[in-house]
Amino acid sequence: MAGQTTDIMLVAQAATPAPATSAASGAAAAAGEAASTAAQAGAAAGAAELHATQGAVEAPVGFPPFDTATFGSQILWLVICFGALYWIISRVAIPRIGGIVTKRKETIDGDLAEADRLRKETDRALADYEAALAAARSKAHSIAEETRTKAKAELDRKKASVETDLAGKVSAAEASIQKAKESALTHVDEIAADTTVELVSRLTGTVSPDEARAAVASLVKG
């Protein structure tokens, strides 16, 4: 405002012609007073405006986000931040999370498939073991039965051979006994005649063998 007052005074002085008469000097003085009054009024108005501005600056604004004067910039930065966050999440975070989830799912599926494969192999091995055990038991039973049959057949064969041998030996012994008996019976008369001759010779005197045999024969027949 002081600058404007100075400009007005210069304009007034430039518009005033060179002093020629006293009337012109009075008019110039009046113009100067008017300019001075205007300058004072402008200075007062400038001081009032400055005071009002300082008061406005010093007045408390309150919570900044609630200041209506900054709503436009706040909305703009909100959109920018939201867009940047969305871009980061959609291009960086979500693919990484999706990759982790996919890898985890593949790992779990692989573990489940491996567990199922091992379970099937275990069941198959158990079935093979049970089949082998049943086959071994059946084979052992058949071997035992075959061994028992062979042992029984061998025992029967040996028993029959022993019985046959014994029967042959008994028959031979019986035949030998019968032969010896018959042989002994054939010599009984001779033995008896010799015994008679010996006894009679010692008791009564001499006797011939023929007489002794005839006496034994008569005794046997009688």
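Which residue's side chain meets that of Arg117 in a salt bridge? The partner is Glu121, with an N to O distance of 2.5 Å; a salt bridge here is a side-chain nitrogen of Lys or Arg within 4 Å of a carboxyl oxygen of Asp or Glu. The structure is a predicted model, in which local features need pLDDT of at least 70 and side-chain atom pairs count only at pLDDT 80 or more, whereas totals for chains, interfaces and linings use all residues. Residues are numbered from 1 along each chain as its sequence is written, and side-chain values use heavy atoms, with hydrogens and water left out.

The overall architecture provides the setting. The protein contains five helices and zero strands, and its pattern along the sequence reads α-α-α-α-α. These elements are DSSP runs numbered from the N terminus, with helices taken as H or I of at least four residues and strands as E of at least two. Of the 222 residues in the protein, 4% are buried; buried denotes under 20% relative accessible area, exposed over 50%, and partly exposed the range in between (1.4 Å probe, protein chains only). The protein exposes about 18000 Å², of which carbon and sulfur atoms supply 66%. Accessible areas come from the Shrake-Rupley method with a 1.4 Å probe, and for residues only the protein chains shown count as cover.

Helix 3, which spans residues 71-186, holds both Arg117 and Glu121, four residues apart and thus about one turn of the helix. Arg117 counts as partly exposed because its relative accessibility is 36%, and Glu121 is likewise assigned to the partly exposed class, at 33%. Side chains of opposite charge can pair when their charged atoms come close. A search of the whole structure finds eleven salt bridges.

Another of these pairs joins Asp123 to Arg119, with the closest N and O atoms 3.3 Å apart. Asp123 and Arg119 also lie in helix 3, with a spacing of four residues, about one turn of the helix. Asp123 is partly exposed, with a relative accessible area of 40%, and Arg119 is partly exposed at 44%. Both residues belong to a network of salt bridges that links Asp116, Arg119, Lys120 and Asp123.

Glu146 and Lys150 are four residues apart in helix 3, so about one helical turn separates them. Glu146 is partly exposed at 42% relative accessible area, whereas Lys150 is exposed at 53%.

The surface also has a nonpolar feature. Phe71, Ile75 and Val79 form a nonpolar patch with about 290 Å² of accessible area together. Patches are made of residues with over 30% relative accessible area and no salt bridge, like charges being joined within 9 Å and nonpolar side chains (Val, Leu, Ile, Met, Phe, Trp, Tyr) within 5 Å. Val79 lies in helix 3 and is exposed, because its relative accessible area is 54%.

Gln74 is a further member of helix 3 and is partly exposed, at 29% relative accessible area. Leaving aside residues up to four places away in sequence, Gln74 touches Pro64, Pro65 and Asp67, where contact means heavy atoms within 4.5 Å. Gln74 and Pro64 are ten residues apart in sequence, and their C-alpha atoms are 10.0 Å apart in space.
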